[in-house]
Structure formats: structure tokens, C-alpha cells
Amino acid sequence: MGTISASVGQGGANRHVDVITVQTLINRNIGRLTPLRLIKVDGRCGEHTILAIKEFQTRILGMPKADGRVDPGGRTLAKLSENESKAFRVYYSHAVSDDHLHAVLLRAAQVLRADVRVTSGDRDKALKVGGKNRSLHLQHRAADFHMTSLTDAMVFRNLQTHGQDIFFPGIAYELIHHGPYTETMGEHVHLGHYPVGRLTGVHCKEEGLTEAGKGHYPTVRVINITG
Ligand SMILES: [Zn+2]
């Protein structure tokens, strides 16, 4: 990985195996290319692959005129391969019993290419904040977390943008951005997994982004996961 025999992209030789290498590398960097979605790894260099190469060159390499081509030994390939061997993972400082949440948090780490740091999980007693007795934490179905090198606002947004690649269809989730004015212990992202029987999809809520929003949990959007 990280080695190609000939150029890939616009006007490139586009050998099948080289295109697969570049497509795989792009997908590993897709969290840096929001709102682009994962591209199909099919060894064919089509418009999505070329667009993704150009976006990467413009945004990550800062190239004023992206040529949409990856050359052997070139700068684009080197940058795409950066941290290639790094396996992003989830660090738990608190127990989270829900296996499904483990799977989703790991996918979030891999797709957004950043470690997940869980700061709270299972709870047996409600926090001393108003009306939270139905918290999914009490059912051992929620985790609070941050992601390395991303702000909580970016995590909240990127999880939605890449939702189709992170969440599973047929399951209902609660995703909350607790902002700087939160009624909870401090700004963080919350992900819960509702029991079967709820409407499916990712129910995105914002709490405490402003002083007036403290303690209110409006649903700002629901993302339907199609798989
Ligand atoms: Zn929480």
C-alpha cells in the first residue's frame, strides 16, 4: 500500500491495481474531505475518484491548481499515505455495555480518522440535572465522548455527513451535541442507541449551544440510514 506503478487520475495510466490503491487511500482520508462520501473501490478511475483526488489536493495539499492526478513517488501519494499504518481506535475511560455502540464508535474513528475518547458511559444514578431520568445512560445504552483533533461541533457535523458509512440501517440513535452552555458536566458529544420499537434513523439534537438553549433538546434533524 502507498505504492503505485504508474499515474492514477486525470490523464493517468490508471492501471486497475493502482486505482484500487488510490481509492483505498482516499477512503482512509475521507473524514478530511467532508462532505465527500466514501468512493467505490472498483479499480476504475471515474469522475468520483478524480473529484476526490482534486479535493484532496486543493484542501489538504493546498495546491492552487489541482491536476487530479496521483504520480508514483509524488507529493499527493505521500500525503495520502501519511498515517497510513495508524489504526484509529476507541479509548474507554468508562464502561459502555452496549456492544452495538462499540461497533458504531469504532466505525466513527475509522471513517473520521481520529481516536474516540469516551468520557462517560453506563450510569446507575441520574446526574443532578433536570428531567434526565430517562437518559439512555441509565439503560446502559449511551456514551459521551470527544474525538482527537476535532472540535465537538465538527464531530457532531461529520458524524452526520458520514452517517451512511458509520451508522446501521434499521436502528434508532440519539446523537446530541452538548454545547458550551450545557446543563451537563461540560461540552461533549453524546451517542445513544434506543431500544427496538423506536423510529429508526439518527435523531440529532442540540443542547446548550447558547445560554437560552441550556436544558432544551430540540431535534435539529433526523437522518435516515439506508445502508
Ligand atoms: Zn450523554
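At what angle do α1 and α2 pack, and how far apart are their axes? The two helices pack at about 55°, and their axes are 11 Å apart. Axes here are lines fitted to C-alpha atoms, for helices over the stretch in contact, and angles run from 0 to 180 degrees between N-to-C directions.

## Basis of the description

This is a predicted model, in which local features need pLDDT of at least 70 and side-chain atom pairs count only at pLDDT 80 or more, while totals for chains, interfaces and linings use all residues. Residues are numbered from 1 along each chain as its sequence is written.

## Overall architecture

The secondary structure of the protein chain comprises 6 helices and 9 strands. Helices (H or I, at least four residues) and strands (E, at least two) are DSSP runs, numbered from the N terminus. The C-alpha trace spans about 60 × 35 × 30 Å along its principal axes.

Of the 227 residues of the chain, 37% count as buried. A residue is buried if 20 or more other C-beta atoms lie within 10 Å of its own, exposed if 12 or fewer, and partly exposed in between, with C-beta atoms placed from the backbone. Among contacts between residues at least 6 apart in sequence, 62% join residues at least 24 apart; two residues are in contact if their C-beta atoms, placed from the backbone, lie within 7 Å.

Helix α1 covers residues 16–28, and its 13 residues should span 18 Å at 1.5 Å a residue; the end C-alpha atoms are 19 Å apart, which agrees. The expected span is 1.5 Å times one less than the number of residues. Among the buried residues of α1 are V19, V22, L25 and I26. The buried residues of this helix pack against β1 (8–9), α2 (47–59), β2 (69–70) and α3 (75–81).

The packing angle of α1 and α2 is about 55°. That makes α1 oblique to α2, where angles under 35 degrees count as roughly parallel, over 145 as roughly antiparallel, 65 to 115 as roughly perpendicular and the rest as oblique. The crossing of α1 past α2 is left-handed, a term used if the near helix is turned anticlockwise from the far one by less than a right angle, with right-handed used if clockwise. At this contact V19, Q23 and I26 of α1 meet T49, A52, I53 and F56 of α2.

## The surroundings of F56

F56 belongs to helix α2 and is buried, with 25 other C-beta atoms within 10 Å. Leaving aside neighbours within four places in sequence, F56 is in contact with I26, N29, L33, L61, T76 and L80. F56 and L80 are 24 residues apart along the chain, and their C-alpha atoms are separated by 8.3 Å.

## The seven-stranded sheet

An open sheet is formed by 7 strands in the order β3-β4-β5-β7-β6-β8-β9, with mixed pairing. Its edge strands, β3 (90–92) and β9 (219–223), each pair on one side only. The twist averages 25° from one strand to the next. Two strands pair if DSSP finds at least two bridges between them. Strands β6 (residues 172–178) and β8 (residues 201–207) run parallel and are joined by 7 bridges; Y173 has V202 in β8 as its bridge partner. Helix α4 (residues 99–112) lies across β3, β4 (116–120), β5 (142–147) and β7 (188–193), running at about 135° to β7.

In β7, 6 of the 6 residues are buried, so this strand is largely enclosed by the rest of the structure. H188, H190 and G192 point one way from β7, whereas V189, L191 and H193 point the other way. β5 and β7 pair in the antiparallel sense over 4 bridges, and F145 stands opposite V189 in β7. β6 and β7 also run antiparallel, joined by 6 bridges, with H188 in β7 as the bridge partner of H178.

## Backbone exceptions in loops

Most residues other than glycine have a negative phi, and most peptide bonds are trans. T34 and P35 are joined by a cis peptide bond with omega of about 5°, and P35 is found in the loop between α1 and α2.

H140, in the loop between β4 and β5, has a positive phi of about 60° although it is not a glycine. With 17 C-beta neighbours inside 10 Å, H140 counts as partly exposed. S149, in the loop between β5 and α5 (152–161), has a positive phi of about 70° and is likewise not a glycine. With 10 C-beta neighbours inside 10 Å, S149 counts as exposed.
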